[in-house]
Amino acid sequence: MYDIAVIGTGPAGISAAITALVRGKSVAVVSNPASESGLYKAERIDNYPGMPGVTGAELSEALISHARSLGAEIFTGKVQTILPNDDSIFVGYGMEMIEARALIFAPGVVRTSSFPGERELLGRGVSYCATCDGMLYRGKEVCAICLAADAAEEAEYLSSIGCNVFTTDSKKIAIGGENRVEWIEIEGQRRSCDGVFVLRDSVAPDVLVPGLELENNHIRTGASGETNIPGIFAAGDCTGTPYQVAKAVGEGQLAAFAAVKYLDAQK
Amino acid sequence: MAVIHLTKDNFDEVISKGTVLVDFWAAWCGPCQMIAPIMEELSDEYDGKAVIAKVDIDREVELASRFKIRLIPTIICFKDGEISSKAYGAESKEHMIEMIS
């Protein structure tokens with residue numbers, strides 16, 4: 001059990017981790033590979049104070065090694081499930097999970113929109129996780145919508161366990177059926193299928209945490225990064241524009257202070 | 001009372017009376033591991049009021065197919081043999097209490 005789980009190894013997540021570590025809290029950070037992030041791919045950043053012209057990759061690596069040097073444990077994988085329990089929060093990523101007393105959500109820009117039919121049929125044929133649910137579709141027709149860096153691998157996994165897979169990277173998608181997935185429409189062409197795996201870089205925050213309040217397609221937070229769910233805080237691009245490193249770093253620190261205060265009040 | 005493991009041989013008998021919350025799960029499913037301790041807690045807290053049960057979908061392929069399980073964990077609440085509610089994915093304890101209340 002960790003004191004704080006942080007989702008994201010960008011400026012907000014790492015800033016939060018550093019502040020929490022300095023305050024004596026144990027911290028686990030879970031994230032997709034940093035090399036897939038928008039920050040990592042930035043050619044140069046000219047407005048982060050003190051580091052003119054730094055490349056995204058340099059800044060990303062410097063952030064992560066700083067947190068690691070202070071004792072952060074960093075785990076790589078796509079976060080699939082977040083489950084608040086009585087006095088702790090479970091975070092499931094890949095096939096693994098960690099447990100923490102508080103959570104700071106800092107995954108970067110999040111998508112909150114979904115395809116027609118996607119949310120309605122979630123669990124009735126729509127899945128976000130090939131490794132979690134693939135086994136339930138052996139011998140069945142499934143569509144893998146490949147919108148993430150590792151999506152092709154996941155689609156390959158589905159084939160390897162015996163699903164009849166067809167893939168698309170189209171975003172003109174509609175999913176339908178009576179109480180369960182029966183068809184998918186890709187670019188207006190309807191095709192029957194039993195399952196649809198929507199493989200994006202990240203699962204929408206309000207799907208990960210049912211009941212999490214959004215505002216203008218971002219996570220709604222108070223002045224210190226608190227969300228509407230006790231023990232869950234958010235920082236950085238996921239809380240709104242401007243999508244800037246300096247803003248993310250500041251919010252990460254505020255969220256960590258708030259999380260530390262929350263933890264100390266629990267005792 | 002501990003969580004009851006259901007098979008195709010005892011399933012219908014167990015769900016026929018009272019409130020029975022059934023967790024369709026598998027050993028290789030991460031979110032299923034998360035809710036396992038919650039199911040244990042509920043089986044103690046609701047002892048005598050509700051039965052908390054599990055179906056291992058790898059062993060009980062017939063039951064998984066009968067209830068068209070397409071995502072695990074799927075949690076189905078039965079009241080006197082009838083399905084009263086379903087939930088897909090790892091659910092909070094609060095929500096599971098709502099289901100059995």
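**Entry 1: a threonine in a strand**

I started with Thr168(A), whose side chain reaches the backbone nitrogen of Ser170(A) at 3.0 Å. A reminder to myself: this is a predicted model, and the values below are computed from it. Thr168(A) is found in strand 9 of chain A, residues 164-168. Is Thr168(A) buried or exposed? I got a relative accessible area of 11%, under the 20% cut-off, so Thr168(A) counts as buried. Leaving out residues up to four places away in sequence, I listed what Thr168(A) touches: Cys143(A), Ala144(A), Ile145(A), Cys146(A), Ile173(A) and Ile186(A).

**Entry 2: a threonine in a loop**

Next I looked up Thr9(A), which is found in the loop between strand 1 (2-7) and helix 1 (11-22) of chain A. Thr9(A) is buried, with a relative accessible area of 8%. I found its side chain joined to that of Ser31(A) by a polar contact of 3.2 Å. Setting aside neighbours within four places in sequence, I noted contacts of Thr9(A) with several residues, including Ile14(A), Val29(A), Asn32(A), Ile64(A) and Ile74(A).

**Entry 3: the core**

I then turned to the largest nonpolar core and counted 41 residues in it. Those with the most contacts inside the core are Ile82(A), Leu103(A), Phe105(A), Ile184(A) and Val196(A). Strand 6 of chain A (residues 96-105) gives the most to this core, with four residues. Where does the core lie relative to domain 1 and domain 2 of chain A? Both domain 1 (2-111 + 203-266) and domain 2 (126-199) give residues to the core, so it lies between them. I also checked Val196(A): beyond neighbours within four places in sequence, its contacts include Val126(A), Cys143(A), Ile145(A), Val181(A) and Ile184(A).

**Entry 4: a helix in chain B**

In helix 4 of chain B (residues 93-100), I found these buried residues: Lys93(B), Met96(B), Met99(B) and Ile100(B). They cover an arc of only 115° around the axis, which puts them on the same side of the helix. The face turned away from that buried side carries the exposed residues Glu94(B) and Glu98(B). I saw the buried residues pack against strand 2 (19-25), helix 2 (30-45), strand 3 (50-56), strand 4 (74-79) and strand 5 (82-88) of chain B.

**Entry 5: where the chains meet**

Last, I looked at chain A against chain B: the area buried between them is about 1,800 Å², with carbon and sulfur atoms giving 66% of it. In chain A, Leu83(A), Gly123(A) and Leu136(A) lose the most area to chain B, together 29% of what that side buries. The contact takes 24 residues from chain A and 21 residues from chain B.

Conventions:
Residues numbered from 1 in each chain as written. Chains lettered and ligands numbered in written order. Predicted model: local features only at pLDDT ≥ 70, side-chain atom pairs only at ≥ 80, totals over all residues. Heavy atoms only, no water. Core = buried A, V, L, I, M, F, W, Y, C linked by side-chain atoms within 4.5 Å. Buried < 20%, exposed > 50% of the residue type's maximum accessible area, 1.4 Å probe, protein only. Helix = DSSP H or I, 4+ residues; strand = E, 2+ residues; numbered from the N terminus. Domains from an automatic or database assignment. Contact = heavy atoms within 4.5 Å. Arc of directions from axis to C-beta. Polar contact = N/O pair within 3.5 Å; in protein donor to acceptor, adjacent residues only side chain to side chain. Buried area = accessible area lost by both parts, 1.4 Å probe.
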